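Please read the following account alongside the sequence and the model.

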Amino acid sequence: MSELFSTLWTQRFMITAVLLFCIGAFSLVFNPNLIKKLIGFDLMDGAIYLMLTSAGYIRGRVAPIVTDFSAAPSVETYINPIPTGLVLTGIVVSVSVTAFALALVVRIYQKYHTVYLDVIMATMKKGVD
Amino acid sequence: MLPYYQHIPFFSIVLLMICGILTSVVRSGRVALRIHLGAVLALLGANLVLLANVLPRQERFTYALGIVSHPYGNELVCGPLEATLAVAFLLVMAMSVLGGRDGVFEDVEPGKQNLYFVMCDLIMASLLAMIYTNDAFTAYVFIEINTIAACALVMAKDSGATLVATIRYLMMSLLGSGLFLLGLTFLYHITGHLLIIDIHDQVQQLAATGAYQIPLTVLMGMMALGLGLKSALFPNHTWLPDAHGSATTASSAILSGLVLKGYVVLLIKCIFCIFGEEVFAASHVGDVLLVMGALAMVVGSVKAIQETHIKRMIAYSTVAQIGYIYLGLGMGGAAAAVAAIYQMLVHAFTKPMLFLCAGELAEASGHRKQMYYLRGAGHRAKLAGVGFTVGGLSMIGLPLLGGFAVKFYLADAALSGSWKMWVALAALAVSSVLNALYYLPAIIQIWSKAQPGENLPQLPVKRPSLAFVVAVLVLGAGTVLLGVCCSGTGALLSLGLSLL
């Protein structure tokens with residue numbers, strides 16, 4: 001039992017991230033509200049960033065910023081900075097996608113006066129018949 | 001000192017990006033079109049030179065970007081397969097834009113037309129990056145660039161239908177790229193590498209020791225599912241007919257012919273370069289792809305038969321044709337993968353031609369896209385009629401056309417499989433019959449004269465523009481050549497695949 005708890009504790013970031021990803025993906029697919037869909041997307045990406053950051057973190061070490069130039073910097077002092085770099089890139093990507101999608105939602109709202117996709121689909125069907 | 005041709009992949013991507021930036025400040029759409037076409041045609045020449053250099057040497061080189069050394073830096077990689085795909089994609093891109101030119105200037109608001117070509121530049125740049133990249137995370141970044149640009153192409157028409165189609169496409173796409181990124185994160189967790197070559201080595205070691213088997217299988221499934229979502233693999237194809245059917249003609253051609261293929265190229269990279277063929281086959285993810293592909297071939301065709309809107313019919317046919325690619329990838333083995341890549345090339349030439357011709361036929365019928373109004377359209381726009389006929393017959397699989405070569409290669413590869421043989425052969429047979437069931441009536445409809453008593457308006461003969469003539473001739477020549485020279489192309493592809 002204690003083994004289970006210790007596994008859960010060491011994998012806590014992973015577990016949180018997967019839960020968040022599932023909540024986000026569920027909202028992205030099943031919520032009819034376009035804004036909430038986008039919030040779901042951002043949750044999903046946030047979960048992945050959490051997972052990446054936790055992958056690079058090593059307990060007891062600091063960010064790789066060299067302040068003390070008297071001693072040669074040792075690899076043992078610092079965390080792995082590459083995942084953090086990936087997170088930065090990922091954030092840029094998701095910001096631009098979110099901006100694009102929000103602009104699209106505004107456009108749709110101007111045309112259909114609602115952000116509910118099911119209502120919009122029903123309106124479109126009526127227009128065809 | 002590197003040989004000059006090794007710089008071509010990098011400069012291809014960067015040149016298109018620069019063109020995109022330049023085009024965004026150009027006011028006139030016509031100038032933007034010229035910049036785009038000039039860049040794409042110049043790069044077509046450059047990539048041909050690249051292909052001519054790597055092919056005789058049977059060389060696959062890596063090109064390091066920047067000064068950071070191997071395990072941390074970013075890299076491009078290019079061999080005969082990559083160069084062939086790049087050449088084909090550039091040619092199809094140029095022809096799709098050229099052939100759909102008039103439609104773009106008609107459908108997109110004046111003053112915003114240059115932005116349409118910015119998106120074309122970005123799509124082509126991201127496609128080339130996906131083909132050439134040797135870094136898994138770079139691939140993800142360019143997936144997202146491709147997604148945004150593709151969505152912008154769909155919504156360029158700015159009608160209610162295209163806006164809703166775009167948002168549905170975007171949501172599905174975002175889920176797909178999210179899954180891909182999650183799989184990639186797991187992979188980074190397990191292997192600690194981002195460069196494809198290093199990941200491959202680590203995955204082989206893991207497979208040899210038997211460690212992390214479950215996470216590896218799960219992440220393979222997630223990456224394959226994510227890319228499958230984005231390339232409209234059944235049952236996640238529901239967004240495609242709306243997006244491809246309602247957009248302007250050039251957009252439909254680019255989206256169906258190229259954008260979907262970009263993700264398939266990445267999946268091929270995942271299978272052959274990241275995981276390795278044996279590890280992927282052992283995970284049985286390929287079996288799922290095979291079944292999905294086979295179902296897509298049947299369901300896509302059945303949906304296409306029910307459709308009366310010509311562009312939506314062609315879009316549903318894309319769902320079926322994507323199924324062929326996944327059938328080949330799922331079957332496993334080099335021969336089946338060559339068949340899948342062959343299908344990618346053939347479809348890249350045939351589908352844009354079908355969309356361009358359908359657009360022209362609809363225009364010759366007073367902008368109406370319902371099958372009923374297209375009666376006799378082939379006589380009003382002769383070249384479009386011929387192009388549609390050739391494309392349709394190729395999709396059915398008439399010998400001497402590209403589609404036949406694909407079916408031949410797929411069936412040939414299937415003969416060596418176990419239970420997969422029956423699935424593949426049955427799906428091929430059923431789907432060929434179903435293809436004939438909707439393409440033949442459409443072809444008959446456009447070539448038949450109006451019956452007395454039918455209330456169809458008398459429409460004048462439409463003279464095709466020079467750009468359209470060139471585009472259809474080149475794409476048609478591609479379809480026919482891929483059918484006639486199938487052994488040479490097949491040998492080229494299998495050489496490229498063996499170097500991966």
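A disulfide is a pair of cysteine sulfur atoms within 2.5 Å. This is a predicted model, in which local features need pLDDT of at least 70 and side-chain atom pairs pLDDT 80 or more, while totals for chains, interfaces and linings use all residues. Residues are numbered from 1 along each chain as written, chains are lettered from A and ligands numbered from 1 in the order written, and side-chain values use heavy atoms, without hydrogens and water.

Over all chains, 0 disulfides are found. The sulfur of B:Cys273 has its closest cysteine sulfur in B:Cys270, 8.8 Å away, which is too far for a bond. B:Cys273 is buried, at 9% relative accessible area (buried means under 20%, exposed over 50%, partly exposed in between, with a 1.4 Å probe and protein chains only).

The structure holds 11 salt bridges over all chains, each a side-chain nitrogen of Lys or Arg within 4 Å of a carboxyl oxygen of Asp or Glu. In one of them, B:Arg312 pairs with B:Asp242, with the closest N and O atoms 2.6 Å apart. B:Arg312 lies in helix α14 and B:Asp242 in helix α10 of chain B, so the pair ties together parts 70 residues apart in sequence. Helices here are DSSP runs (H or I, at least four residues), numbered from the N terminus. B:Arg168, B:Asp242, B:Glu307 and B:Arg312 are linked in a network of salt bridges.

Helix α10 of chain B also meets helix α11: B:Trp239, B:Leu240 and B:His244 in α10(B) contact B:Ser252, B:Leu255, B:Ser256 and B:Leu260 in α11(B), contact meaning heavy atoms within 4.5 Å.

Notes: Helices (H or I, at least four residues) and strands (E, at least two) are DSSP runs, numbered from the N terminus.
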